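Let us learn to read a few features of a protein model. Look at the structure, then follow the dialogue.

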Amino acid sequence: MVPVGNRARPLTTEDKACKSAYLNGSEASMNTIDEAKAWDFRNETDSLGTVRVPADRLWGAQTQRSLEHFSIGQDLIPREMISAYATLKKAAAIANHVDGRLDDQQYKLIVQTCDEILAGQHADMFPLHVWMTGSGTQFNMNVNEVISNRCCQLAGTPLGSKTPVHPNDHVNMSQSSNDSFPSAMNIAAAVNANERLIPAVKALRDAIGAKANEWQRIVKIGRTHMQDATPLTLGEEWSGYVGMLDDNLERIGDALKGVSRLALGGTAVGTGINAAPGFGEAAAAEIAKLTSLPFVSAPNKFTVQGAHDALVQFSGALRTLAVSLYKIANDIRLMSCGPRAGFAELMIPANEPGSSIMPGKVNPTQAEALTMIAVQVMANDVAVGFGGAGGYLEMNVYKPLMIFNITHSITIMSDGCANFRKFLVEGTKPNVKKIKEYVDRSLMLVTALSPLIGYDKASKIAHYALDNDLTLKQAALKLGFVTEAEFDRVVDPSKMVHSYVATASAATS
């Protein structure tokens with residue numbers, strides 16, 4: 001209830017929206033203002049009229065309207081978009097100031113505020129949800145309003161006065177949501193891929209590579225179709241994972257080339273109306289300086305505003321990395337299964353108890369976590385693909401959906417790779433005794449005899465050994481297809497881990 005004289009009136013829809021906004025968009029359990037605290041509001045205006053905003057919030061009318069109409073679920077606009085937009089607005093202010101469109105005071109205030117946001121300040125002033133307008137207009141205005149009102153604070157003017165910095169006329173100068181939001185999407189994706197994902201994948205690759213080098217001489221049995229196959233070394237097996245991650249890093253790097261082309265300067269539909277000639281190029285150059293990444297102005301603004309194919313391709317590269325991580329994690333999960341009734345070729349770290357009922361049980365939890373992450377990233381890519389296909393004429397209307405899923409994929413794979421490396425890969429050891437046992441009992445070592453005695457006789461040896469519970473050597477000698485000396489010379493697992501063809505002369509030399 002809101003006190004009215006000595007009486008209390010029920011909360012209006014506007015009251016509830018303001019209260020919800022004050023609580024960062026999450027609906028409180030209280031039904032009346034009395035039950036929480038006394039709320040103070042100020043009036044802000046936009047083109048539709050006057051809106052009440054919590055007095056201590058830096059956002060304005062359009063942000064407040066979005067909170068009222070789009071407080072859906074718990075998913076907020078990715079935090080990466082806040083810093084991306086701060087970078088963009090700072091770069092735009094620099095470009096506009098250089099050309100004399102912003103005066104010195106406006107320029108300095110906007111840049112100072114953007115620097116504060118980039119330093120992590122004012123994070124709770126960006127409460128909007130993902131599920132809003134497909135253009136992201138309200139988040140662009142959220143950024144514009146917060147910067148404007150913070151500039152008012154710094155200049156000593158009232159919040160909402162839009163003086164000396166207006167959210168549309170100055171913060172949004174030479175821009176539209178239709179070119180700034182996709183540009184911020186690209187900045188968020190590229191910056192976080194370079195700062196978080198790529199280093200995490202490289203560190204995982206290096207840790208796996210160290211194990212591959214260390215285990216280069218440990219001969220083990222290979223498996224195809226989940227059945228015993230010819231030998232290889234444990235190091236060779238893990239070198240395959242190194243190559244997979246190298247390939248993924250290359251794919252991500254290639255995809256980021258397209259992401260580096262920004263829509264900024266195209267304004268509403270790609271024509272550049274209300275943006276001065278050269279603004280897009282100047283702003284992109286400033287963004288490149290601020291991020292140390294090769295951002296450029298897209299040569300065709302209609303291409304990058306009507307569609308976001310570069311982000312679709314980038315999401316596809318993230319999906320491919322997820323597929324690789326899924327395979328790597330599952331391989332290690334298989335090789336470590338046991339310890340007595342499974343493959344048990346690898347001994348993984350015991351990070352936590354594996355069961356509430358079975359004492360001493362250890363589970364491959366890091367592999368499980370990484371494979372779940374991989375599945376989620378594959379699902380995210382499906383959403384990005386559908387979103388990317390949803391462009392209509394001069395603008396795509398699935399922007400928040402696309403960047404939400406892309407940044408989510410980057411975040412969980414970055415963290416997943418780091419944890420998988422620290423808590424599994426680095427502490428994993430080979431079970432040399434079990435590996436040797438499998439090699440000694442393998443029937444597929446008979447493959448080395450095939451060039452010497454022919455496929456059919458080699459096959460008979462393998463089947464005879466299996467049917468009679470004999471070793472290969474026992475079966476071969478029992479059938480009389482080779483001498484003991486020939487068998488010992490030819491069937492040498494250490495020779496079979498590289499290109500190797502046994503011949504009669506080599507066998508008898």
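**Reading the cavity and a helix**

Q: Which residues line the largest cavity?
A: Rolling a probe the size of a water molecule over the atoms shows where empty space is left. On a 1 Å grid over the protein atoms alone, a cavity is a set of points where a 1.4 Å probe fits but cannot get out, and lining residues have an atom within 4 Å of a point. Here the lining is Ile348, Pro349, Asn351, Glu352, Asn363, Pro364, Thr365, Gln366, Phe423 and Leu424. This is a predicted model: local features need pLDDT of at least 70, side-chain atom pairs pLDDT 80 or more, while totals for chains, interfaces and linings use all residues. Residues are numbered from 1 along each chain as its sequence is written, and side-chain values use heavy atoms, without hydrogens and water.

Q: How much space lies in the largest cavity?
A: About 40 Å³. A volume is the space filled by probe spheres set on the grid points, which are joined across faces, edges and corners.

Q: Why does the span of helix α7 agree with its number of residues?
A: Helices are DSSP runs (H or I, at least four residues), numbered from the N terminus. The expected span is 1.5 Å times one less than the number of residues. Helix α7 (residues 177-214) has 38 residues, so it should span 56 Å; its end C-alpha atoms are 53 Å apart, which agrees.

Q: Is α7 mostly covered or mostly exposed?
A: Buried means under 20% relative accessible area, exposed over 50%, partly exposed in between (1.4 Å probe, protein chains only). α7 is mostly covered, with 28 of its 38 residues buried.

Q: Where is Ser66 found?
A: Ser66 sits in helix α2 (residues 61-69). Ser66 is buried, at a relative accessible area of 3%.

Terms used: Helix = DSSP H or I, 4+ residues; strand = E, 2+ residues; numbered from the N terminus. 1 Å grid on protein atoms, 1.4 Å probe; cavity = no way out; pocket = protein on both sides within 12 Å on 5 of 7 lines; lining within 4 Å.
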